[in-house]
There are 2 protein chains.
Amino acid sequence: MVNIAVLGYGTVGSGVVEVIRTNQKLIDQRVGEELRIKYVLDLKEFPGDPVNEVLTHDFEQVVGDEDVKIVVEVMGGIEPAYTFVKRCLEAGKSVATSNKALVAKHGAELLKIAKEKNINFLFEASVGGGIPILRPLHSSLTGDEIEEITGILNGTTNYMMTKMFYEGADYDEVLKEAQENGYAERNPEADVEGHDACRKIAILSSIISGHQVDFEDIYCEGITKITTEDMKYAKAMGMTIKLLASCKREGDKLNAIVCPCLLRGEHPLFSVNGVFNSVFVHGNMLGDAMFYGSGAGKLPTASAVVGDIVEEAKNLDRNLGVMWSADKLVLEDKNDVSRRFFVRVEGSVDEWQEQIINAFGMVQFVKAEGVDGEFGFVTEKMPEGVYEEKAKECPAVIKAMIRVED
Amino acid sequence: MVNIAVLGYGTVGSGVVEVIRTNQKLIDQRVGEELRIKYVLDLKEFPGDPVNEVLTHDFEQVVGDEDVKIVVEVMGGIEPAYTFVKRCLEAGKSVATSNKALVAKHGAELLKIAKEKNINFLFEASVGGGIPILRPLHSSLTGDEIEEITGILNGTTNYMMTKMFYEGADYDEVLKEAQENGYAERNPEADVEGHDACRKIAILSSIISGHQVDFEDIYCEGITKITTEDMKYAKAMGMTIKLLASCKREGDKLNAIVCPCLLRGEHPLFSVNGVFNSVFVHGNMLGDAMFYGSGAGKLPTASAVVGDIVEEAKNLDRNLGVMWSADKLVLEDKNDVSRRFFVRVEGSVDEWQEQIINAFGMVQFVKAEGVDGEFGFVTEKMPEGVYEEKAKECPAVIKAMIRVED
């Protein structure tokens, strides 16, 4: 029998209990022995819930119980999660967590403790919810150098972008609807400003580089400025707009960014719609691959947590070697990263064509149906710093700029 | 140092050598020590190729060398691959293979030997080429009961279906083009009749059930009867046609089939185009997920093989527990599996409406632009056996039937 404890009986925690209870027999077969929930830790009471049989309010009881081999941290937030997880690892208990804030900030340190103690710290659910992505990167794509990871890593904003693209709805309307449907928080900042996606791409960047990538170092731009007009231009170009979180290798440098991007119709991420998440990976040998699924939600997230629990239960005294060092990786400056830029300009093509070509060189002009008094153009590939300079020089009035993902 | 031997220096074998040589440093880091190709076994000579330094024509040299811990079988076919793999496993060497015919036929037995010897027999590349799917099923989706796996598992036929759908090209034309581009063999039977996809879904069915699923027991229908008219009907319904290989759980039974299916526009597999493969998975907790990538090709396939080699090198004296028993699984009879059916009928709706409704109950009639002298209809969900009976009773002339994937 393998005893586990679940810290936090909120959405994910109750999901973890439900997944284990529902699939108990199958899970026990896979582990090779019975997986038993010995404790659920929560400050609250749950009158009438069978969880009461194992409910405790005392973390010391959990951390002090030598029978508990695996601890599941699904409380969220940095504290007390960090202190609890660290103490559990130091006490020789493997930990599984869905807590992206914790992993992004303290992953390197917690992995190091797990390695020293010959146990495991796993966090599949912290990126892409139910989608298996961290373990495939660690255990399957090991013949490859990963040259790119680009993800739609936030379901709320993808739901909103999808509605804006397919239904022509405007930003405020779609946000309100998302809030009413429970897809967006009353305070949607973490989603719409890209902070959630940013922590996830920081974790992915750390995993593929083996070094600490701080989310604060990643340029992060949300979707709040995206308009129905932008979507009309996207349609006119056979593209769509998605909030992408990406990490790419160029030479010996990594660059990472979170921002809304124009995405061509043939890109595998183009048709990832609604609340679904997806992670596109390019390996130098594998070529393109993509992993798709539910990026959030009680049971999909819990499914990923339970996958980690099973892996830990099968490897109780054996570190699986997931590591990133605390040495910080210096990302390539955003201004040095080359891409194409889509730019919206006031006035008419006839009026501005010459000045724009003078400033930006070869561009493609775009007109979108139903968008009057302005036009758009797409530049050739150039470093963002060069684009910024040209944009300052150009006398035309630039209404908006959106990066193009090629 | 971990010494390996590669059996077969064809497309995949030379790819394996290339992947290891290109990413040697990274791979060594992941393994934790140097991975060295000690032998490449092939009957042929390769004048001028650096492989000559390690080339051997003598299998006994490989199997008799105690230094060789991992053997890569990429010869293809059943013999001598089966004999070689079995002898290597019995000699205590882990084996990685891309050979779907071998795995579909002898997987259960070879896994059993690997378990007895406390080594590993891995075959990620045998299904979906470079796409990580077997290890995610085994190591990530372990909190779930897998209720469905539906895959586009053959790149040749998917390339053909894509061309027929988007370009209106007809079957013979597209096959010829695929042959000219090297996407289809001169004898295309294994692809277009579905035999290749059938072996792959047999392997997936065995993995998720833990029992032997014989490919001979799976109903297998290829794409040779699909016409441009069928594609026009698909378009009229907002659908497409794909060669799907699927395995589904209904109650305590599994059913499996390979056949062309109509697929709705919202299905994640809808936009998997060209030579790409994709595997859709539904777990009872996870919900929908999808894995996408290159299903064939030298380097993507070799990438998956090398992923297996690394996993084996990290687990030299430890069986990873991948198992299916030799006990054969009895699949649900095709005639008992319920689905909707799309049917093409000679004549006009007016003429046949009454008889069709009498025979099939509620149906939806479909007309496709540019297809004259006939019409189509889609039935409600019913067991295939019931459909067959009704089709016999119905006096209308049925020109074609295509199953609908819901």
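Biologist: Where is A:Asn118 placed?
Modeller: A:Asn118 is in the loop between α5 (100-116) and β6 (121-122) of chain A. Keep in mind that this is a predicted model.

Biologist: What is the phi of A:Asn118?
Modeller: Start with the general idea. Most residues other than glycine have a negative phi. Now the case here. A:Asn118 is not a glycine, yet its phi is positive, about 60 degrees.

Biologist: How do I read peptide bonds?
Modeller: Look at omega. Most peptide bonds are trans. In chain A, the bond from A:Glu79 to A:Pro80 is cis, with omega near 5 degrees. A:Pro80 sits in the loop between β4 (68-73) and α4 (81-90) of chain A.

Biologist: Which residues does a cis peptide bond join in chain B?
Modeller: B:Glu79 and B:Pro80, with omega about 5 degrees. B:Pro80 is in the loop between β4 (68-73) and α4 (81-90) of chain B.

Biologist: Now a sheet. What is the strand order in the open sheet of chain A?
Modeller: Read across the sheet, strand by strand. The order is β3-β2-β1-β4-β5-β6, six strands with parallel pairing. The edges are β3 (55-56) and β6 of chain A, and each of these pairs on one side only.

Biologist: How many bridges join β1 to β4 in chain A?
Modeller: Five bridges join strand β1 (residues 2-7) of chain A to β4(A), and the two run parallel. Take one pair: A:Val6 has A:Val72 in β4(A) as its bridge partner.

Biologist: Which strands does α1(A) lie across?
Modeller: α1(A) lies across β1, β2 (35-41) and β4 of chain A. The helix runs at about 160 degrees to β2(A).

Biologist: How do I read two packed helices?
Modeller: Ask for the angle, then the distance between axes. Take helix α5 (residues 100-117) and helix α10 (residues 195-209) of chain B: they pack at about 40 degrees, with axes 9 Å apart. α5(B) and α10(B) are therefore oblique to each other. The crossing of α5(B) past α10(B) is left-handed.

Biologist: Which residues make that contact?
Modeller: From α5(B), they are B:Lys100, B:Ala101, B:Val103, B:Ala104 and B:Gly107. From α10(B), they are B:Arg199, B:Lys200, B:Ala202, B:Ile203 and B:Ser206. By class, the contact of α5(B) with α10(B) has five nonpolar, two polar and three charged residues.

Biologist: Now both chains. What rotation superposes chain A on chain B?
Modeller: A rotation of 180 degrees, with 0.0 Å of shift along its axis, at an RMSD of 0.0 Å. That is the relation of a two-fold axis. In chain A, the C-alpha nearest the axis belongs to A:Phe291, at 2.4 Å.

Biologist: How many residues does the contact between the chains take?
Modeller: It takes 40 residues from chain A and 40 residues from chain B. On the side of chain A that touches chain B, α1 (11-22), α2 (24-31), α6 (134-140), β13 (287-294) and α12 (298-314) each supply at least two residues. That side of chain A divides into 19 nonpolar, 14 polar and seven charged residues.

Biologist: Why do the copies meet through the same surface?
Modeller: Compare the two sets of interface residues. Here 100% of those of chain A are also interface residues in chain B, so the copies meet through the same surface.

Biologist: Which strands do bridges join between the chains?
Modeller: β13(A) and strand β13 (residues 287-294) of chain B are joined by five bridges and run antiparallel. Look for A:Phe291 there: it stands opposite B:Phe291 in β13(B).

Note on methods: Residues numbered from 1 in each chain as written. Chains lettered and ligands numbered in written order. Predicted model: local features only at pLDDT ≥ 70, side-chain atom pairs only at ≥ 80, totals over all residues. Least-squares fit on C-alpha atoms with pLDDT ≥ 70 in both. Contact = placed C-beta atoms within 7 Å. Helix = DSSP H or I, 4+ residues; strand = E, 2+ residues; numbered from the N terminus. Nonpolar A, V, L, I, M, F, W, Y, C, P; charged D, E, K, R; others polar. Pairing = 2+ DSSP bridges. Axes fitted to C-alpha atoms, helices over the stretch in contact; angles between N-to-C directions. Parallel < 35°, antiparallel > 145°, perpendicular 65-115°, else oblique. Left-handed = near helix turned anticlockwise from the far one by under 90°.
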